[in-house]
Number of protein chains: 2
Amino acid sequence: MGNEPAHTVTRYDQELDRLRGIVVRMGGLVERQTAQAIAAVVDQDEEAAIEPPELDTEVDAFEREAEMLAIRILALRAPMAVDLRMIVAVLKMSGDLERIGDYASSIARRAMKVEPLDGAFSFSPLRAMARLVQENLHKAIEAMVENDSTRAMEVWNADTAVDELYTAMFRELVTYMMEDPRKIGPCIHLLFVAKNLERIGDHATNIAERVYYAVTGNMLPAVRPRGGAARKDTHKDS
Amino acid sequence: MGNEPAHTVTRYDQELDRLRGIVVRMGGLVERQTAQAIAAVVDQDEEAAIEPPELDTEVDAFEREAEMLAIRILALRAPMAVDLRMIVAVLKMSGDLERIGDYASSIARRAMKVEPLDGAFSFSPLRAMARLVQENLHKAIEAMVENDSTRAMEVWNADTAVDELYTAMFRELVTYMMEDPRKIGPCIHLLFVAKNLERIGDHATNIAERVYYAVTGNMLPAVRPRGGAARKDTHKDS
């Protein structure tokens, strides 16, 4: 059995599966980091704020592992076509996942600094935004796991709503700060929370774009549904 | 001559050079975007604010071109060892460069929204931060162009100073907003400018890490000089 070519193919498939397994686990980790970070903020749950930064080390280690394994597969197996595109997508996506984990940790670290707003401020726009971002992130990771270009396309189309919620929240928070300057510190932390959430949404969209390309061999247009130069947030506060 | 093996090697070398050329040009573009965006803010130069977002399309196109060419080289040439590591580094670095361009555009878009602070606010801490970030970015790109691991190490070590300047600026701005709530809007834009600058610095560090790995085959430690969990900004406002 050891000298049959089929054996080589199987080993190769196993390596590809292991590589996919790494990004799938990374995806699970950053989803968890994001969920906990959001709970920490909106429910003022001190416990939930602890784990996200701790998981960062694990996420970083997975990113390095993915890179090492990808290089190994590229060197030993000279993969072609869809496999090659998948490996390149994994290299890129692991970077996006690492950033997501980073933003989630940053949100978690701000969670308790938002406390003075408790009672006086409604977290509902943030909750709505968080729900949407988590949904997109989950779908993007599902698309990645299942090589599902249709699902990837869905994520890519859903990004606009997140941007709109962010803009609404930004305006609300600025008004709120003007009315009560003592709340400026916590409000700024909340603004950064919202900005980080929005960036998590951007990276979910990136992942969707990469899945789409890996699966179909076609790239989605350079301009996202946000429209023209607006892609990179001209219409927002930036 | 056309049938000599040397010919193939030369074609291969040309392709690798072209790939390097793409990231070098990307590097030049994002350096320019960053310089203009900073000038737009600190000198309130409306002209300088125009180009960075426009250049984004070009930077994005280069990122895609780099990816396409990398896939082509991987498929046709099955590169090994240092070449393979270089190609993987290029794939990763083009992502970092794209983010830098994105942050620079975001800074440029905020430039004129900072105007109401003119006269009342000193831009000197921001200037100091910008100088440092631009220096690191320039060095990181030089290290990339010249495959210089020593220079890469320098960038990697310089990141801490940027973080400290950011923290100082954050505190100063919060105090300033509390004293004059009418300035909250422009101050927030300036905070985001500082945050974006800091992120540009982070990506310059990433590039340095990738150059170091591509050249030496060794990865820099997972923990950056900022120290321990602090790597991802525990000691800052986040």
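This report covers the fold, the chain contact and selected residues of a predicted model.

## Ground rules

The model is predicted, so local features need pLDDT of at least 70 and side-chain atom pairs count only at pLDDT 80 or more, while totals for chains, interfaces and linings use all residues. Residues are numbered from 1 along each chain as its sequence is written, chains are lettered from A and ligands numbered from 1 in the order in which they are written, and side-chain values use heavy atoms, with hydrogens and water left out.

## Fold of chain A

Chain A has six helices and zero strands. Helices (H or I, at least four residues) and strands (E, at least two) are DSSP runs, numbered from the N terminus. The order from the N terminus is α-α-α-α-α-α.

Of the 238 residues in chain A, 58% are buried. Buried means under 20% relative accessible area, exposed means over 50%, and partly exposed lies in between (1.4 Å probe, protein chains only). Among contacts (heavy atoms within 4.5 Å) in chain A with a separation of 6 or more, 82% join residues 24 or more positions apart.

## How the two chains relate

A rotation of 180° with 0.0 Å of shift along its axis places chain B on chain A, with an RMSD of 0.0 Å. That is the relation of a two-fold axis. In chain B, the C-alpha nearest the axis belongs to A78(B), 2.8 Å from it. The superposition is by least squares on the C-alpha atoms of residues with pLDDT of at least 70 in both copies.

## The interface

Chain B gives 57 residues to the contact, and chain A gives 57 residues. The copies meet through the same surface, because 100% of the interface residues of chain B are also interface residues in chain A. Together the chains bury about 5000 Å², with 59% of it on carbon and sulfur atoms. Buried area is the accessible area (1.4 Å probe) that two parts lose on being put together, summed over both.

Two salt bridges run between chain B and chain A. A salt bridge is a side-chain nitrogen of Lys or Arg within 4 Å of a carboxyl oxygen of Asp or Glu. E63(B) and K92(A) form a salt bridge at 2.9 Å, N to O. On the side of chain B that touches chain A, the elements giving two or more residues are α2 (51-77), α3 (81-110), α5 (149-179) and α6 (184-216) of chain B. α3(B) gives the most, with 14 residues. By class, this side of chain B has 26 nonpolar, ten polar and 21 charged residues. Ala, Val, Leu, Ile, Met, Phe, Trp, Tyr, Cys and Pro count as nonpolar, Asp, Glu, Lys and Arg as charged, and the others, Gly among them, as polar.

R99(A) sits in helix α3 (residues 81-110) of chain A. R99(A) counts as buried, at 6% relative accessibility. Leaving out residues up to four places away in sequence, R99(A) touches H203(A), R199(B), H203(B) and N206(B).

I200(B) belongs to helix α6 of chain B. I200(B) is buried, with a relative accessible area of 0%. Beyond residues up to four places away in sequence, its contacts include T34(B), I100(B), Y103(B) and V133(B).

## Salt bridges within the chains

Over all chains, the structure holds 26 salt bridges. In chain A, E142(A) and R151(A) pair at 2.1 Å, N to O. E142(A) is partly exposed at 22% relative accessible area, and R151(A) is partly exposed at 25%. E15(A), R72(A) and R77(A) are linked in a salt-bridge network.

In chain B, K139(B) forms a salt bridge with E154(B), with the closest N and O atoms 3.3 Å apart. This pair links distant parts of the chain: K139(B) is in helix α4 (residues 124-146) of chain B and E154(B) is in helix α5 of chain B, 15 residues apart. E198(B) and K195(B) also meet in a salt bridge, at 3.2 Å, N to O. Both lie in helix α6 of chain B, three residues apart, about one turn of the helix. E198(B) is buried at 1% relative accessibility, and K195(B) is buried at 5%.

## Backbone exceptions

Most residues other than glycine have a negative phi. Q44(B) has a positive phi of about 45° although it is not a glycine. Q44(B) lies in the loop between α1 (5-42) and α2 of chain B, and counts as buried at 17% relative accessibility. A81(B), also not a glycine, has a positive phi of about 40°. A81(B) lies in helix α3 of chain B.
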